[in-house]
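Dear colleague,

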Amino acid sequence: MKSLLLSTLRAQFASKGLDVFKAAHPHAWLLWEPGAWRPPQKRTMQFAAITDPKKADGAEALALALDGKDTLVLGRDPACELIINDGTLSARHLVLKRAATGWTVEDAGSSNGTKLHGAALKPHEATPLLEGARIEAAQVILSYWTPEGLWRRLSL
C-alpha cells in the first residue's frame, strides 16, 4: 500500500494541474491526521505516549492511497492492508470497501469503536464516505478524500 507525506505530494505536484495529479493518482485517499499516538502495550520496551499534538512541531498528515483492492482492512495486525501501529486500534479495526458510488467504512467489531463525524458507527454496518469525512478510529484521526478533494487540500 502506497503512503506518502502530504508535503511530498505537495512538492511533487505544486507546479502541475489537477489533471496531472489525477492521472498519477486516480484513487481515493485516507489521511492519517497528526494527533495523539499511543504505543501498543504488548512490548518489552515502553514509550511515553505523545498526547499533545501541539508539541509535535511540524507534524503533518500521512496520505494512504486507497488503490489496488476493493476491500481494505485498517488496523495494527501486519496482515492488514493499511497498518497503523497505535495502541488504541484493534488488530482489525476498520474495513473500507469500494462501492459503485465511492467508498464505505465499517467498524470491524473493534474494542474502542469508530466514529464518523462524531457519531458512533455500528459494528459491521457499511456507511458511505463523503469528501472530507472525519473518521475517529479509537484515538486515530483519519480523513477521506477523492483525488479532486486531496488536490484542493494540497493547493491550500
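Strand E8 (residues 114-116) pairs with strand E11 (residues 134-137) in the antiparallel sense, over three bridges. Pairing requires at least two bridges found by DSSP between two strands; helices (H or I, at least four residues) and strands (E, at least two) are DSSP runs, numbered from the N terminus. The model is predicted: local features need pLDDT of at least 70 and side-chain atom pairs count only at pLDDT 80 or more, while totals for chains, interfaces and linings use all residues. Residues are numbered from 1 along each chain as its sequence is written, and side-chain values use heavy atoms, with hydrogens and water left out.

E11 and E12 form a hairpin with two residues between them, and Ala138 in the turn has a positive phi of about 55°.

In helix H3 (residues 147-154), Pro147, Gly149, Leu150, Trp151 and Leu154 are buried (under 20% relative accessible area, 1.4 Å probe, protein chains only). These buried residues pack against helix H1 (6-13), helix H2 (18-24), strand E2 (28-32) and E12.

His93 is found in the loop between strand E5 (82-83) and strand E6 (94-99). His93 is buried, with a relative accessible area of 0%. Leaving aside neighbours within four places in sequence, its contacts (heavy atoms within 4.5 Å) include Thr114, Ala137 and Ala138.

Yours sincerely

Conventions:
Buried < 20%, exposed > 50% of the residue type's maximum accessible area, 1.4 Å probe, protein only.
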